[in-house]
Amino acid sequence: MSFFEKLEAAIERNNSLLCVGLDPQLESLKGVSDPAEIESQLVAWGQRIIEQTHEVVCCYKPNFAFYEQYGLAGLRALQRTVSLIPEGIPHLLDAKRGDIGSTAQAYANAAYQQWHADAVTLSPYLGEDSIKPFLKTEGKAAFILCHTSNPSAAQVQHHGQPALYELIAETSKTWGGADQIGFVVGATQPEAMAAVRARCPEHWILAPGVGAQGGDLEAALKAGLRPDGKGLILPVSRGVIAAADPRQAAIELRDQINTLRQQAATFSKARSYKEKLVASLFETGCIKFGQFTLASGKSSPIYIDLRRVISFPALFEMVVNGYAQLARTISYDLLAGVPYAALPATAVVAARLQQPMIYPRKEVKQYGTGQAIEGAYTPGQTAVMLEDVVTSGGSIIKAAETLQQAGLQVRDVIVLVDREQGGREELHRSANLTLHAVVTIREILTLLREQNLIDAPTYQEVWAYLEQA
Ligand SMILES: O=P(O)(O)OC[C@H]1O[C@H](OP(=O)(O)OP(=O)(O)O)[C@H](O)[C@@H]1O
Ligand SMILES: O=C(O)c1cc(=O)[nH]c(=O)[nH]1
């Protein structure tokens with residue numbers, strides 16, 4: 001069984017993303033020099049932790065240094081301890097190795113043949129050839145240090161543009177499949193976690209830093225969990241091994257993780273939808289950067305042109321789904337599209353939800369029926385408006401007036417993009433309308449940046465414009 005197969009099976013069996021770090025630092029060994037005594041105490045310690053927690057964890061992560069510090073006795077104890085890990089639980093050796101090819105091969109031999117690891121943590125500093133030897137053995141996995149949880153991590157890992165840790169994620173994911181490569185991203189850095197997750201939606205992330213290092217578990221889960229509720233391994237060492245009752249401590253941590261996991265998976269599903277939506281809007285030219293004049297007369301360095309969406313069926317489908325999902329949360333009699341940009345999507349949403357549609361015209365024709373509103377309706381009915389973008393809110397307010405003059409009630413508006421430039425407040429203030437947005441402009445900017453689709457100066461320029469607009 002490969003590392004990831006074992007891991008998935010253990011996650012299912014024990015309903016747990018908790019990984020216990022085996023980091024022995026034994027008070028009782030202070031001043032002890034007899035190797036036999038050291039070895040026997042270390043093994044007894046590991047055995048106790050494993051016996052107490054093996055039904056609660058998805059993985060064990062012995063840290064090589066904590067055993068190595070006890071010399072040969074420590075290394076013998078490590079070998080005996082890992083043999084006590086039950087067959088169905090993977091063993092991820094935290095060794096943070098990294099060296100030139102032939103030496104890396106020797107390290108890989110040690111990790112797999114001496115320490116019987118299923119996976120190992122590695123430093124990417126020496127590049128691909130320092131990692132490859134660890135991937136040659138079938139079923140083994142390498143966790144690449146990407147953004148670590150220590151206080152000085154940013155000194156090096158935030159260097160450059162994109163930041164070094166982003167470059168590492170982007171580059172090292174090409175060194176093997178998602179069934180071979182994972183990443184180490186500290187739970188203390190939710191922004192870095194989100195950036196790595198955006199670049200590597202499938203990969204497993206080992207997220208140290210929960211517990212003694214003060215990582216925010218909820219933020220880490222929200223940023224790093226995949227929509228399927230997996231994709232994160234949460235190693236905790238001191239929080240379990242230093243507890244008076246390690247089993248109880250592990251159960252409490254596992255349950256705490258699982259409570260937050262449910263919410264985080266829902267959040268992650270929404271984020272993954274937004275990531276795909278935003279990437280597709282950008283790639284199809286529906287999000288543009290430059291100098292634009294808006295309907296309100298304002299100028300803007302960003303323009304969302306949703307009139308193009310109809311030419312890209314997969315994107316059109318995503319847009320329709322976004323509107324439909326919000327429409328399902330509102331009660332109404334009619335869907336009213338605001339002309340013109342929102343009309344095609346409104347028509348498809350209406351057909352999808354099997355709801356009647358109308359639309360107020362921008363200008364009344366001097367021929368034909370001369371209607372201000374097209375479609376069938378009865379005064380007194382409630383219409384929910386669908387619009388593409390809101391900036392000042394002027395277009396929506398005008399359309400709402402036309403509907404209201406015909407005796408319709410309007411309380412809610414759904415937009416694909418809220419540009420967060422006062423429209424929401426204006427709609428509420430002057431027309432008592434509640435705005436529901438599929439995505440906001442700041443979310444768009446953040447997701448574009450996280451996915452490396454725009455550079456930092458563009459992101460900063462547009463963000464600054466929004467702050468003063
Ligand atoms: O909140 P506001 O400040 O009113 O700005 C947003 C409106 O501006 C655009 O409409 P535009 O007048 O370009 O019309 P179109 O949909 O007919 O293309 C956009 O489609 C919104 O309707
Ligand atoms: O305010 C506008 O006119 C406007 C902004 C935007 O981003 N996209 C659009 O179609 N209109």
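In which sense do strand β15 and β16 pair, and over how many bridges? This is a predicted model, and the views below take up that pair and its surroundings.

**View 1. Strands β15 and β16 pair in the parallel sense.** Six bridges join the two strands. Strand β15 covers residues 409-418. Its residue D418 stands opposite T440 in β16.

**View 2. Six strands make an open sheet.** Their order is β13-β12-β11-β14-β15-β16. The pairing is mixed. Strands β13 (373-374) and β16 (434-440) stand at the edges. Each has a single partner strand, so one side of each is left without a neighbour in the sheet. Strands of a sheet pair through backbone hydrogen bonds, either parallel or antiparallel.

**View 3. Ligand 1 is surrounded by 16 residues.** The closest are A295, A341, T391, S392 and S395. Two elements, β14 and α15 (394-405), each give two or more residues to this shell. The largest share, four residues, comes from β14. By type, the shell divides into seven nonpolar, seven polar and two charged residues.

**View 4. Residues 17-253 carry a domain annotation in UniProt.** The unreviewed entry places "domain: Orotidine 5'-phosphate decarboxylase" here. Over residues 17-253 the chain is 41% helix and 16% strand. The end C-alpha atoms of this stretch are 10 Å apart.

Notes. Residues are numbered from 1 along each chain as its sequence is written. Chains are lettered from A and ligands numbered from 1 in the order in which they are written. This is a predicted model: local features need pLDDT of at least 70, side-chain atom pairs count only at pLDDT 80 or more; totals for chains, interfaces and linings use all residues. Two strands pair if DSSP finds at least two bridges between them. A residue is near a molecule or strand if its C-beta atom, placed from the backbone, lies within 6 Å of it. Ala, Val, Leu, Ile, Met, Phe, Trp, Tyr, Cys and Pro count as nonpolar, Asp, Glu, Lys and Arg as charged, and the others, Gly among them, as polar. UniProt positions are given in the numbering used here, feature names are shortened, and annotations may be inferred rather than shown by experiment.
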